[in-house]
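Please open the model in your viewer and keep the selection tool at hand. The tour moves from one selection to the next.

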Amino acid sequence: QVQLVESGGGLVQAGQSLRLSCVASGNRRNLFNIGTVGWFRQAPEKQRELVASIRSDGATNYADSLRARFTISRENAKNTVYLQMNSPKPEDTAVYYCNLRINRPGGPSDFWGQGTQVTVSS
């Protein structure tokens with residue numbers, strides 16, 4: 001079983017940068033080497049959407065509207081993935097979730113963290 005724990009959320013003013021962290025643990029070493037990690041977010045009364053992802057080979061993907069301001073990165077030795085949020089706006093307010101997708105025979109498996117709240121004030 002895989003456990004994901006997010007941290008780093010909080011209340012910030014518009015334009016004040018913050019960095020979210022996602023730490024993975026389980027019965028295997030270097031979990032991020034065998035799957036894709038994604039950051040998702042869900043605002044009140046809106047559907048969950050992809051923010052950014054990073055594959056085991058390091059390739060990244062971003063929501064087009066966030067590419068210029070957000071950066072996903074990884075420290076494999078710490079089993080930690082980060083989301084750097086620069087120039088956040090009030091519309092970025094949401095619960096941010098960490099996801100690990102592992103491809104296995106029979107189909108992929110998804111693991112989710114509990115989420116961390118990010119609130120951006122004007």
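This is a predicted model: local features need pLDDT of at least 70, side-chain atom pairs count only at pLDDT 80 or more; totals for chains, interfaces and linings use all residues.

Residues are numbered from 1 along each chain as its sequence is written, and side-chain values use heavy atoms, with hydrogens and water left out.

Select Cys 22 and Cys 98 first: a disulfide (a pair of cysteine sulfur atoms within 2.5 Å) joins them, with an S to S distance of 2.0 Å. The pair links distant parts of the chain, 76 residues apart, with Cys 22 in strand β3 (residues 18-25) and Cys 98 in strand β9 (residues 94-104); strands here are DSSP runs of E, at least two residues long, numbered from the N terminus. Both cysteines are buried, meaning under 20% relative accessible area with a 1.4 Å probe, protein chains only, and the link is left-handed, with -75° about the S-S bond.

Next select Asn 99, also in strand β9, which is buried with a relative accessible area of 5%. Its side chain reaches the backbone oxygen of Phe 111 at 3.3 Å.

Now show strand β4 (residues 35-42), where 6 of the 8 residues are buried. Strands β4 and β9 run antiparallel, joined by 8 bridges (two strands pair if DSSP finds at least two bridges between them), and Gly 38 has Asn 99 as its bridge partner in β9. Strand β4 also runs antiparallel to strand β5 (residues 49-54), with 5 bridges, and Val 37 has Ile 54 as its bridge partner there.

Note on methods
Helices (H or I, at least four residues) and strands (E, at least two) are DSSP runs, numbered from the N terminus. Buried means under 20% relative accessible area, exposed over 50%, partly exposed in between (1.4 Å probe, protein chains only). A polar contact is a pair of N or O atoms within 3.5 Å; within protein, one must be able to donate a hydrogen and the other to accept it, and residues adjacent in sequence count only if both atoms are side-chain atoms.
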